[in-house]
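Subject: Structure handover

Hi,

Here is the structure I promised to pass on. Please load it first, then read my notes below.

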Amino acid sequence: NPQGPGFIERLLEGNIVAKIGVVILFLGVGFLLKFAYDRGLFPPEMRLIAVAAAGVVMMFLGKRLLESNRTYAIILMGAAFGLFYLDTFFALKTFSLIGPAAGFGLFAVLGVATLLTAVRLDARALAAIGMLGAFMAPILASTQSGNHVLLFSYYLLLNLVILAASWFKAWRELNFIGFLFTFAISLLWGYSNYAPKHFATVEPFLIAYFVLYLAIPVLFASRQPPQLKGLVDGTLVFGMPLSVAMMQAALTRGMGDSVLAWSAAGASATYALMALLLWRRDKMRLLAEAHLALAIVFGTCAPYFAF
């Protein structure tokens, strides 16, 4: 396989016994916390401190073993981050020892810390865990307060972290996780809570997400190894404009077709400019052609909506 092993293959390679042990550890700790909660055994603070202490010990051992046994060390560190997520979740949802704001902040810090550690160690699995935890933070800490500006600002920050990671690593998993959670959660929020009065506070975020996921596939293509440079991530290149177009149509419903016409014209001009900038870059011709095709598609839609 010229592109190297896939994500699932990477999860199954190496010390598979240790990885299975980590899964059993998560299930075991979760069961013990729930069992202690149901039976009223030990104060909640003592249970959570014990789990956190176990995570700290595993993180310490992982760092000590990095040079002598890298694979096992990364497994230990991943397990430690997993225990921290589990501990925070129980403190927030089960024991109610911390409020939603504190839980939201802790999940965010854990996600970013896991990602930064993964980039430093060049460990994709750790990076994926970090982003999954970070993007799930507002879901786990949600109180249905409807503060969409905070939610979208937080997701914008996480996507900026992914953009920064893309500058150094061509990790498609991170890009896909960011794209999936950002647009799926935005779509679910819009379906349940959007009203025309929210347009001024939602549209800027949609434009920002569009710009970010216009740049991330370019970095992905340029950061590939020499033999794969220019590789196009079709999911993002074509999935993102389709998602944004659907959301823009929903946001501008009732405003008249002229708004959609200008939106399509703006997207067409943006993709045409990207195609022009990428056309003569080394091994970027395929990505430039994809942008040119999208420019033609949106350019065709603009007069249809206008007239």
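Among contacts between residues at least 6 apart in sequence, 71% join residues at least 24 apart. Keep in mind that this is a predicted model.

**Overall make-up**

The chain has 12 helices and 0 strands. Read along the sequence, the pattern is α-α-α-α-α-α-α-α-α-α-α-α. The chain has 307 residues, and 43% of them count as buried.

**The core**

The largest nonpolar core holds 75 residues. Which residues have the most contacts inside it? They are Met131, Tyr155, Tyr213 and Met240.

Take Met240 as a case. Setting aside residues up to four places away in sequence, Met240 touches Phe179, Phe183, Phe210, Tyr213, Leu214, Thr235 and Tyr271.

Two packed helices are described by the angle between their axes and the distance between the axes.

Start with α10 and α12. Helix α10 covers residues 234-251, and helix α12 covers residues 285-306. Their axes are 11 Å apart, at an angle of about 25°. That is under 35 degrees, so α10 and α12 count as roughly parallel to each other. The crossing of α10 past α12 is right-handed. From α10, the contact takes in Val237, Phe238, Pro241 and Ala245. From α12, it takes in Leu287, Ala290, Leu294 and Phe298. By class, this contact has 8 nonpolar residues, no polar ones and no charged ones.

Next, α10 and α11. Here the axes are also given as 11 Å apart, but the angle is about 160°. An angle over 145 degrees counts as roughly antiparallel, so that is the label for α10 and α11. α10 passes α11 in a right-handed crossing. Val237, Met240, Pro241, Gln248 and Ala249 of α10 meet Leu260, Ser263 and Tyr271 of α11. The contact divides into 6 nonpolar, 2 polar and no charged residues.

Last, α9 and α11. Helix α9 spans residues 199-222, and helix α11 spans residues 257-278. The two axes come within 13 Å and cross at roughly 20°. α9 and α11 are therefore roughly parallel to each other. This crossing is right-handed. Phe210, Leu214 and Val218 of α9 make the contact with Thr270, Tyr271, Met274 and Leu278 of α11. By class, the contact has 6 nonpolar residues, 1 polar and no charged.

Now go back along the chain. Is Leu121 buried or exposed? Its relative accessible area is 7%, so Leu121 is buried. Leu121 lies in helix α5. Beyond its neighbours up to four places away in sequence, Leu121 touches Leu66, Arg70, Met77 and Leu126. Arg70 is 51 residues away along the chain, with a C-alpha separation of 9.4 Å from Leu121.

Ile74 sits in helix α4, residues 70-94. At 16% relative accessibility, Ile74 counts as buried. Leaving out neighbours within four places in sequence, Ile74 is in contact with Leu66, Ala123 and Leu126. Leu66 and Leu126 are also on the contact list of Leu121. The C-alpha atoms of Ile74 and Met59 are 9.1 Å apart, across 15 residues of chain.

**Two loop residues**

Asp122 lies in the loop between α5 (100-121) and α6 (124-140). Check its backbone: phi is positive, about 55°, although Asp122 is not a glycine. At 43% relative accessibility, Asp122 counts as partly exposed.

Lys283 is in the loop between α11 and α12. Lys283 also counts as partly exposed, at 46% relative accessibility. Its C-alpha atom is separated by 8.6 Å from that of Leu231, 52 residues apart along the chain.

Best regards

Technical notes: Residues are numbered from 1 along each chain as its sequence is written. This is a predicted model: local features need pLDDT of at least 70, side-chain atom pairs count only at pLDDT 80 or more; totals for chains, interfaces and linings use all residues. Side-chain values use heavy atoms; hydrogens and water are left out. A nonpolar core is a set of buried Ala, Val, Leu, Ile, Met, Phe, Trp, Tyr and Cys residues joined through side-chain atoms within 4.5 Å. Buried means under 20% relative accessible area, exposed over 50%, partly exposed in between (1.4 Å probe, protein chains only). Contact means heavy atoms within 4.5 Å. Axes are lines fitted to C-alpha atoms, for helices over the stretch in contact, and angles run from 0 to 180 degrees between N-to-C directions. Helices (H or I, at least four residues) and strands (E, at least two) are DSSP runs, numbered from the N terminus. Angles under 35 degrees count as roughly parallel, over 145 as roughly antiparallel, 65 to 115 as roughly perpendicular and the rest as oblique. A crossing is left-handed if the near helix is turned anticlockwise from the far one by less than a right angle, and right-handed if clockwise. Ala, Val, Leu, Ile, Met, Phe, Trp, Tyr, Cys and Pro count as nonpolar, Asp, Glu, Lys and Arg as charged, and the others, Gly among them, as polar.
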